[in-house]
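The topics are grouped below.

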Amino acid sequence: MRVAARLLAFTVALVVLVPATPALAATQQIPFTDGTDRSSWYWNKQVDEEVGAGPISQRARLRSPQNRDTLPVAVEGGKLERISAIYFDLSSRGVTPGSTITRAVLTIAEVSDPNEQPAYNTRGKVIQACPIDEFWPGGEAEKWDTQPNYADSGCVKGKRNARSDTPRWTFNLTPVARPWGEDPSGSNNGVMLVGVVPQNAAATESWQINVKIPSRDNQATPGDESRQTRNRAVLSLTYTPGEPSILAPPAPPPPAPPPPAFGGGAPAPPSSDFGKQPGGGKPAAPEPPGESIQAEPVAQAQPRAPWYVWLLIPIGLLAWAAVRPVVLEPTRGIRSEGAVVAIRRLNAERRGRPLEEPVDPLIRTLHGLQGAWRGIGRAAGAVGKGTGRVVGGIGSLAGAIARAVRGR
């Protein structure tokens, strides 16, 4: 037991006294990649405007004198004529927020191409890289006034190495890139390549230097130009990845607001457990009833009966009055044979003939219907002669059917 206790105490002491192992620094060679990184350049002489009026108007814009893979830096008449921007996306290369950048060096090639406006008067000229302060889209030969803001101070002068067949410019961007590690997506907007113009520069001083980014692959040629030129612009980066912050779990989202009141009534009072401000403050006051959404009543269509229904109602009542003694009275027990049978028996006794009783219930019903339709025919005569004739015909038809059934 004593040995186990000593081992436990020794382990706890190591955990407390020995600091956590720091994250290891990483070094990457990041080549410029089209689609992930971007570039553009701005031309003091570029125009982009509508010329003419009406249907004959055309957009006037100077064609770029440089190839698409060229970033020119030029001075003309002692003033800046062309400046170029370049941006490397660090977030997609593993640089997380809170990282520490200890080294950032940009190397970019200077290439002469006879198929574009060439470089000239390059001896002794200097290019500097200045941090850009805002986002900018990729492009080429853009208007001068569309250039993003960049810092005049804190720029880094480049060094030209002409020992090889392809001269290369090197820019130590470490002081410029340090803030990029804290916020790789927000603070990193790339750098602007600007020609250094002396204060006492003569009005005749003019020069141009063309630096290059990787070319796009030409499908018409057998070679892969993109792969052959991938090392034209490379950012050598050394950084320590930021450690994930240990924070409390985020607070749950506030409950959804109650539905708006309809009809102008006062809204329901909020629950005591919801809708409170952080820190135990009072719940927010509900909106006044006048500002709530009011429901407007919608008129409902009232059903209307067609005109002939009003004509059929009195006819139906008359029919019911005629059929009722035949159908209902035999079941009530007062006159088991019905009023019509009693009248027929009385008439038969006066004439001295025996009463012929229809035994068949169907005959009795038809007899009742015959009398009913005759009554309906006489009542409908006041409404119209045509309707009376139709109803009277139906009554005659019922009588004929009764006689036919009786003679079976």
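A disulfide is taken here as a pair of cysteine sulfur atoms within 2.5 Å. The structure is a predicted model, and by this rule it holds 1 disulfide.

**Disulfide**

- The bonded pair is Cys-130 and Cys-155, with 2.1 Å between the sulfur atoms.
- The disulfide is right-handed, because the torsion about the S-S bond of Cys-130 and Cys-155 is about 110 degrees.
- Cys-130 belongs to strand β8, whereas Cys-155 sits in the loop between β9 (142-143) and β10 (156-157), so the pair ties together parts 25 residues apart in sequence.
- Cys-130 has a relative accessible area of 1%, which is under the 20% limit and therefore counts as buried.

**Nonpolar cores**

- The largest nonpolar core comprises 32 residues, and Ile-86 and Phe-171 have the most contacts inside it.
- Elements that supply two or more residues to this core are the strands β5 (70-76), β7 (100-110), β8 (127-131), β12 (168-172), β13 (191-195), β14 (207-212) and β15 (233-240), together with helix α2 (174-182).
- Another core, of 10 residues, lies apart from the largest one, and its members include Ile-83, Tyr-87, Cys-130 and Val-194.
- Outside four places in sequence, the residues in contact with Phe-171 include Ala-104, Val-105, Leu-106, Ile-108, Ile-127, Ala-129, Val-156 and Leu-193.
- Gln-128, Lys-157 and Gly-158 are also among the contacts of Phe-171.

**Arg-38**

- Arg-38 is located in strand β2, which covers residues 38-43.
- The side chain of Arg-38 does reach a backbone oxygen, that of Trp-136, at 2.7 Å.
- Beyond four places in sequence, Arg-38 touches Phe-32, Ala-85, Ile-86, Tyr-87, Phe-135, Trp-136, Pro-137 and Gly-138.
- Among these contacts of Arg-38, Ile-86 is in the largest core and Tyr-87 is in the core of 10 residues.

**Ala-74**

- The C-alpha atoms of Ala-74 and Asn-210 are 8.5 Å apart, while the two residues are separated by 136 residues along the chain.

Note on methods: Residues are numbered from 1 along each chain as its sequence is written. This is a predicted model: local features need pLDDT of at least 70, side-chain atom pairs count only at pLDDT 80 or more; totals for chains, interfaces and linings use all residues. Side-chain values use heavy atoms; hydrogens and water are left out. Helices (H or I, at least four residues) and strands (E, at least two) are DSSP runs, numbered from the N terminus. A polar contact is a pair of N or O atoms within 3.5 Å; within protein, one must be able to donate a hydrogen and the other to accept it, and residues adjacent in sequence count only if both atoms are side-chain atoms. Contact means heavy atoms within 4.5 Å. A nonpolar core is a set of buried Ala, Val, Leu, Ile, Met, Phe, Trp, Tyr and Cys residues joined through side-chain atoms within 4.5 Å. Buried means under 20% relative accessible area, exposed over 50%, partly exposed in between (1.4 Å probe, protein chains only).
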